[in-house]
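Here are some brief notes on the two-chain model you sent.

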Protein chains: 2
Amino acid sequence: MREDNSNKLETVTTKLVQMSELVGEAITKATSALLTDDLSLAEQVISGDHEINELNSEIEGLCFRIAALDAPMATDLRMVMGGIRMATSLERMGDLAEHIAKQVRLRYPSPSIPAELQSTFREMGDAASKIVAEAGRVIQTRDTSLADRMNQYDDTLDRLHRDLFTAVLSDSWSHGVEAAIDVTLLSRFYERFGDHAVSLGRRVIYIVTGEPYASN
Amino acid sequence: MREDNSNKLETVTTKLVQMSELVGEAITKATSALLTDDLSLAEQVISGDHEINELNSEIEGLCFRIAALDAPMATDLRMVMGGIRMATSLERMGDLAEHIAKQVRLRYPSPSIPAELQSTFREMGDAASKIVAEAGRVIQTRDTSLADRMNQYDDTLDRLHRDLFTAVLSDSWSHGVEAAIDVTLLSRFYERFGDHAVSLGRRVIYIVTGEPYASN
């Protein structure tokens, strides 16, 4: 039964990693769609979200079956409890990638963002893709030192988010109110994406160490 | 043990209802703070959020102990699984009320919204307070017919969200870009608040009927 239990926990980990890979693809594609105004790429992200949602449900079911049938203790119990929360974080991150893709679709064939902000959004997309890749590695390896790197990417996202705020509020902003709102919302989606990744990282730390962490 | 189990499930329900009441207070106060630019009310919402987060953790722990110790089946198992998800929805709703309060604090002592949009935000706040009250009733009674009323309030929130978009994008908008962004974000917080309530309502339907529902 011990063996069995740890096999099932490995399945949870495998599915979480798989989920993080799908979310990674989603945010990378959503960013490309945003930067190149590529409708078909945006559609791929939108139609692919259900796969992420399904994995979320599978992980939930799996964790509860383990809890109910195997009565795990200590680290295993935290893993089973945390599995559901981590899946929820990844699902929200998938939703945020989808929100970005939907914004591209909404504005298509017009560009979703002004040309001069392309590089800032490219940087945001890059940090977001990296933070979710890191999240996958943290889940896989439970190497909590990686969580630090996640915080750095999150700081980058926060900084870029502030930069974009400054840009749309500056006197030299010439694209009007609608574009300012679009930029702010898009920027917020990336920033929230980072927040969910960080909260996932904290959850892994809790699983490994058993030390409670402040939720946000 | 059957008895014991159902007592524990009642505790989950009680705590979820308690959480919905705290979230209800939070959103009602956040709206008042927004409409009257009341900093101390905003601070109350911000400092009160940890209580909601703590209930969330308590419910999580409780559900897992039930799953691990009592091996619940069918409806009970769905309740235990759903308890965690419902607590997550309520926690997010609390966060959204807090986001609104933080926006009030950020702009204080300036008004957070233009005078002519007061009535729209009052209506939003009203629908948001009602939808979470309804959520509490649905959790308490498991009367799934109440979920319909939740959808109506959610429709109201969606409609008002669109109205506010139209307002900030109209040629007659005279408050500049920053106010337009503020209004859009605030409006989005209310709209997302409704979405989480609806997702909670769907979860209750699933617990009662066992019919899977589409996640969003």
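1. Contact count. In this predicted model, 21 residues of chain A are in contact with 21 residues of chain B.

2. Who supplies the interface. Four helices of chain A each give at least two residues to the side that touches chain B: α2 (39-70), α3 (74-107), α5 (146-169) and α6 (176-209). The largest share comes from α2(A), with 6 residues.

3. Where chain A touches chain B, 14 residues are nonpolar. Another 5 are polar, and 2 are charged.

4. Per-residue confidence. The mean pLDDT of chain A is 92. In that chain, 95% of the residues score at least 70. Where pLDDT is low, the predicted coordinates should not be read in detail.

5. Confidence by element. Which elements of chain A have the lowest and the highest mean pLDDT? Helix α1 (residues 2-36) of chain A has the lowest, at 91. Helix α4 (residues 118-141) of chain A has the highest, at 97.

6. Confidence in the complex. The predictor assigns an ipTM of 0.84 to the complex. The pTM is 0.90. Please quote both scores alongside the contact count of 21 residues in chain A and 21 in chain B.

Definitions and conventions
Residues are numbered from 1 along each chain as its sequence is written. Chains are lettered from A and ligands numbered from 1 in the order in which they are written. This is a predicted model: local features need pLDDT of at least 70, side-chain atom pairs count only at pLDDT 80 or more; totals for chains, interfaces and linings use all residues. Two residues are in contact if their C-beta atoms, placed from the backbone, lie within 7 Å. Ala, Val, Leu, Ile, Met, Phe, Trp, Tyr, Cys and Pro count as nonpolar, Asp, Glu, Lys and Arg as charged, and the others, Gly among them, as polar. pLDDT is the predictor's confidence in each residue, from 0 to 100.
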